Amino acid sequence: MLLVLLVVVVLNFLMLHLAPGDIADTIAQTMGGADEQDMAELRKQYGLDQPFFIQLFNYVVRVALLDFGHSHFYNLPVFDLIMERFPATLLLVFSAQILSLFVGILLGVYAAQNPNGLSSLFVNMFSLFGYAAPVFWTGILLLIAFSLHIPIFPVSGMRDITIESSNFFVHFFDVLRHLFLPMITLASIFFAYYSRLCRASMLEVLGADFVRTAKAKGLSKKDVLLKHALKNSLSPVITFAGLSFSAVVSGAILVETVYSWPGLGTLAFNSIISRDTPVLLGILIFSTLMVTVGNLLTDLTLKALDPRIKI
Amino acid sequence: MLENEEIDEPTIKPVKEIFQTFFKSYSAVTGLFILIGIAVMGFIGPLFYPTDPFDMVWMPFSPPGADGFLLGTDYLGRDILSQIINGARVSIAIGFLAALVSCFIGVGIGSFAGFYGGWVEETLMRITEFFQVLPTLLFAMVIVALFGSSVLSITLAIGAVSWASVARITRSEFLRIKELDFVLASRSSGSNNMALIFRVILPNAAAPIIVQSALLVGAAITFEAGLAFLGLSDPNVISWGQVIGSNRVYILDATYTVTFPGIAIFITVLAISLVGDGLNDALNPKLRSR
């Protein structure tokens, strides 16, 4: 896990190094130009005159000390900027992931009981939709439908600043109301995949001997389905959910920009527009961290489901 | 004694049979027709609908159907129908080329990992794993933001971040096939490693790789649209994503500027995935008796 982060940091540095132009150029540009001497001074100030490996080492050490550099657009340390936005993205990513797993598994179990029926067709159609529709497009359509034509949900943001109540629950439901559409949009890609996978894996398990034994013992249909079959068919779904974590984070960036959700995605979008490279690189490191933590959680869930698995 | 021995089933089906299975499936054929239709629209369409997609032809935000513009005009008064017709070329080209790039990287890494095993496999699969953990969109954003948003850098960026699935599939196919008798036979008749990898094993591993690459084309088209939506597109060419990206500020006032290119992407990717499913059924020897 640490290795992954180290590689991201090194990769960041390499890209910065290989890309045309450097910090000195950017600063000179915002200042409206600088002569050779000033440029040399700037490069020296930022350590750009050092040999390659020393620069690399310095960069890694700085990142390890949580110094991601300075955002010249916001005039704030990148770390502070990211920490301010991080909780919103975390909330969106995890709620969407949990919702899509829940709905996906429910749909999959339902469809598996009737492999050639209408519900299976529905699951297949749905997964095609999830694959084919660009997530920001789904987001825009939902936004237009449920904020503009039928105004149930707010158009953008995470909170309503006009609420003056000090009651925790009022704020809680306010955030929930704002979260609903982005969460559904992001989940729409994934619960299609999960339901399809869960259906396939349930079908396989339902044909196994131990399910027949359970039925023969006279257990109720519910017990057979949920306690015996589902528990044994979950591991491929959970494994896939772990693998999709990086895709969920990628999707979150697009969804956030659609709904102006104040997370890392909108920050990344703004930093592209303002050419704020340090912020973008910091976000890359942070979201990789988020994915690795997500993967770790997946492994723990898998272990809880099946004690034979060793981490 | 020989009767009890299992005979390796051939992993490649006769071409004729592949075509037969493929064309028997309605959804696959529908998908193929839609794809051909879109390609024809992109390449020949401009001859029949010569409006320049960059030209300001009418008032901005003219709604669809009004004033003789079937899909309306965008924020600069450009014809959206023309943009969709001309955008097809670039979107599809980026999709195919990016998938080709990831196919090359993925097959290269996967085949060496699967064939050599040991530390080579360990290292290469670590790299692959790394690319699975990395949020691909963000990584591509960084590449494009740093190296400029030309069609070339966008294509390479998409290709460079989405090869992990191909590498995994290639590796697992190589692990399976390299143990089979015909590989041993070829080795004992003096083939060197390169010949074994690229002329003996790879053709036999091609089926799942082709299917995966077909799906990657669709994913790359959506990917490009996503980048364009974030403002990272080549301003000098029209692609569907670019149409969405340049109109995104006005979505609440002029929904159609975003809806129509979105539908174009949706239909194209849907068609690609139908073709991919059809290819899967046609090429996969395990499903042949179904």
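Two residues are in contact when they have heavy atoms within 4.5 Å of each other. In this predicted model, local features need pLDDT of at least 70 and side-chain atom pairs count only at pLDDT 80 or more, while totals for chains, interfaces and linings use all residues. Residues are numbered from 1 along each chain as its sequence is written, chains are lettered from A and ligands numbered from 1 in the order in which they are written, and side-chain values use heavy atoms, with hydrogens and water left out.

**The interface**

Where chain B and chain A touch, 41 residues of chain B and 47 residues of chain A take part. The two chains bury about 3,900 Å² between them, and 82% of this lies on carbon and sulfur atoms. Buried area here is the accessible area (1.4 Å probe) that two parts lose on being put together, summed over both. The rule finds 4 residue pairs in polar contact across this interface, both residues at pLDDT 80 or more. A polar contact is a pair of N or O atoms within 3.5 Å; within protein, one must be able to donate a hydrogen and the other to accept it, and residues adjacent in sequence count only if both atoms are side-chain atoms.

On the side of chain B that touches chain A, helix 4 (118–133), helix 5 (136–147), helix 9 (193–229) and helix 11 (256–283) of chain B each supply at least two residues. Helices (H or I, at least four residues) and strands (E, at least two) are DSSP runs, numbered from the N terminus. Helix 11 of chain B gives the most to this side, with 11 residues.

**The core**

A nonpolar core is a set of buried Ala, Val, Leu, Ile, Met, Phe, Trp, Tyr and Cys residues joined through side-chain atoms within 4.5 Å. Buried means under 20% relative accessible area, exposed over 50%, and partly exposed in between (1.4 Å probe, protein chains only). The largest such core has 158 residues, and L186(A), M141(B) and L227(B) have the most contacts inside it. Helix 9 of chain B contributes the largest share of this core, 17 residues. Leaving aside neighbours within four places in sequence, L227(B) touches residues including M141(B), V144(B) and I158(B).

Chain A has 13 helices and 2 strands, and 47% of its 311 residues count as buried.

**Salt bridges**

Side chains of opposite charge can pair when their charged atoms come close. A salt bridge is a side-chain nitrogen of Lys or Arg within 4 Å of a carboxyl oxygen of Asp or Glu. The whole structure holds 4 salt bridges over all chains, and the count between chain B and chain A is 0. Some of the bridges are listed here.

| Pair | N to O distance |
|---|---|
| D209(A) and R212(A) | 3.1 Å |
| E121(B) and R171(B) | 2.6 Å |
| R126(B) and E129(B) | 3.9 Å |

D209(A) and R212(A) are 3 residues apart in helix 9 (residues 209–216) of chain A, so about one helical turn separates them. Both are exposed.

E121(B) lies in helix 4 of chain B and R171(B) in helix 7 (residues 164–177) of chain B, so their bridge ties together parts that are 50 residues apart in sequence. E121(B) counts as buried because its relative accessibility is 16%, whereas R171(B) is partly exposed at 23%.

R126(B) and E129(B) both lie in helix 4 of chain B, 3 residues apart, about one turn of the helix. R126(B) is partly exposed at 47% relative accessibility, and E129(B) is partly exposed at 41%.
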